[in-house]
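Trainee: I would like to learn how to read a model of two chains, one feature at a time. Could you take me through it slowly?

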Amino acid sequence: MSETPESALIERGRRGDRQALAGLLDRYQRPVYNAALRIVGNPDDASDVTQSAFLKAFENLDRYDPSYRFFSWIYRIAVNESINHNKRRYRTHSLEERDIPDHRGPQLSAERGSVSREVRQGLMELDDIYRVVVVLRHYSEFSYREIGEILDIPEKTVKSRLFTARRQMRDILIARGVDG
Amino acid sequence: MLERDECELISAGVDGELSPREQRRFDELLANSPEARALHDELRAVGAAVEALPEQAPPADLAARILDRAAPRRAVVVPLRTPWRRMQLPLAFAAGLLVAVVTPRLLPEPTADELQWLSGTLAPASQRAAQRIEMQGLEGQLNSVLRGGTRTLEFDLAAAAPLEIEVGLAGTGLTFGGIVANGDGQGLVAERIESTGGTVRVVGDGAAAFGLLLPATAAAGDEGAGIHVAIRSGGEIRYEATFDR
């Protein structure tokens, strides 16, 4: 059975067709949730961000510009929601309440758990502007042009941020005992 | 020691984002510089480490929760009975005597008759921002008023050509709660009122005097977007502004 074209789902979604909205969720919920998870750092917050992003997208389907990919558009909303979420969290949490990055050294880190955990926590040590480009490139596999569109920044800024982000991430991973 | 632009070139090379000219420079750099090769390998390893993070399944009920909370998106079209006329709305609002045309958004199970009329009195204004509009082919007043916690946009406009008023509520945390006019027994007049996808459109002839009720949605948080108002007449945007929610 052939898959309903995305444009048809969007058009029907604009008219309030719940099946069409469910179809869009079915296609994009998982990647959006996983990108949010990598940006906000925990599953509960990633669920909130995903929910909020899709609700905003559905509310604004009339304003969706089909010259862009829907995938890029929903990502743009989700990334903004994630960054705003992090800003709110850092504003409202005291330093003591925040997750403090763990720099207990390679040996102890290796004892604590998997490489994946270290990479995930290392990612959270990056500033939002760097973490987002790493996630969009290395999880979502967007091109520089698409990342620029999603973040509303020039491609050369994407290029520069990605270099800085990966350089910082390398130092963080070394500090966490993860060797390339 | 590699220059910053050489480092960024190598980084972009890892991503396959080089022009043919950059690619030649990249190839030369890697062929001639052990430092460049080492950086290339490091950056590639970092990317691979992030890409190796396992995907997680979203909570099983997340999609259902989102669908449950998605606002009903069917267009609300309020049929109106008499032609649009200019009314002395500010006086009527000051008196607080209004007739409300209530859409299905205000009533859980509306009947056809309930789409037409209810009479009532609005709460007095606790906050008001007024904008005088005087431009070619369009003049009048637009007020953004807080009444008992509910934002209302009040229009009193006259135009040389038919008017189309569009109010964008996306990201404001507000929704379309109904439309009100002064109660002189003649009723509100417009050819068409639609609310869909966070946008309210009112279309009519060259005069408009009404208020839009914009209550906060149940899910409203600290959305920061303003209320976007665009007024078209004769096929052109004559006025555009954003009001604080």
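**Helices across the two chains**

Mentor: Let us begin with the handedness of a crossing: in this predicted model, helix 2 of chain A and helix 4 of chain B cross in the right-handed sense.

Trainee: At what angle do helix 2 of chain A and helix 4 of chain B pack, and how far apart are their axes?

Mentor: Helix 2, residues 18-40 of chain A, packs on helix 4, residues 62-69 of chain B, at an angle of about 140°, and the two axes are 10 Å apart. Angles over 145 degrees would count as roughly antiparallel, and helix 2 of chain A and helix 4 of chain B are therefore oblique to each other.

Trainee: Which residues meet where helix 2 of chain A touches helix 4 of chain B?

Mentor: From helix 2 of chain A come Arg18(A), Leu21(A), Ala22(A), Leu25(A) and Gln29(A), and they meet Leu62(B), Ala63(B), Ile66(B) and Leu67(B) in helix 4 of chain B. Sorted by class, this contact has seven nonpolar residues, one polar and one charged.

Trainee: How many residues does each chain bring to the contact between the chains?

Mentor: Chain A gives 44 residues and chain B gives 37 residues. On the side of chain A that touches chain B, helix 2, helix 3, helix 6, helix 7 and helix 9 each supply at least two residues, and by class that side has 20 nonpolar, 12 polar and 12 charged residues.

Trainee: Within chain A, how do helix 2 and helix 3 cross?

Mentor: Their axes come within 8 Å and cross at roughly 135°, so helix 2 of chain A and helix 3 of chain A are oblique to each other, and their crossing is right-handed. Among the residues that meet there are Leu21(A), Leu25(A) and Gln29(A) of helix 2 and Val49(A), Ala53(A) and Phe54(A) of helix 3.

Trainee: In which sense do strand 9 and strand 10 of chain B pair?

Mentor: Strand 9 (residues 192-196) and strand 10 (residues 199-204) of chain B pair in the antiparallel sense over five bridges, with Ser195(B) opposite Val200(B). Two residues lie between the strands of this hairpin, where Gly197(B) takes a positive phi near 55°.

Trainee: Where in chain B does pLDDT stay under 50?

Mentor: As a general idea, where pLDDT is low, the predicted coordinates should not be read in detail. Chain B averages a pLDDT of 76, with 72% of the residues at 70 or above, but the pLDDT is below 50 over residues 73-77 of chain B and stays under 50 over residues 79-115 of chain B.

Methods:
Residues numbered from 1 in each chain as written. Chains lettered and ligands numbered in written order. Predicted model: local features only at pLDDT ≥ 70, side-chain atom pairs only at ≥ 80, totals over all residues. Pairing = 2+ DSSP bridges. Helix = DSSP H or I, 4+ residues; strand = E, 2+ residues; numbered from the N terminus. Axes fitted to C-alpha atoms, helices over the stretch in contact; angles between N-to-C directions. Parallel < 35°, antiparallel > 145°, perpendicular 65-115°, else oblique. Left-handed = near helix turned anticlockwise from the far one by under 90°. Contact = placed C-beta atoms within 7 Å. Nonpolar A, V, L, I, M, F, W, Y, C, P; charged D, E, K, R; others polar. pLDDT = per-residue confidence, 0-100.
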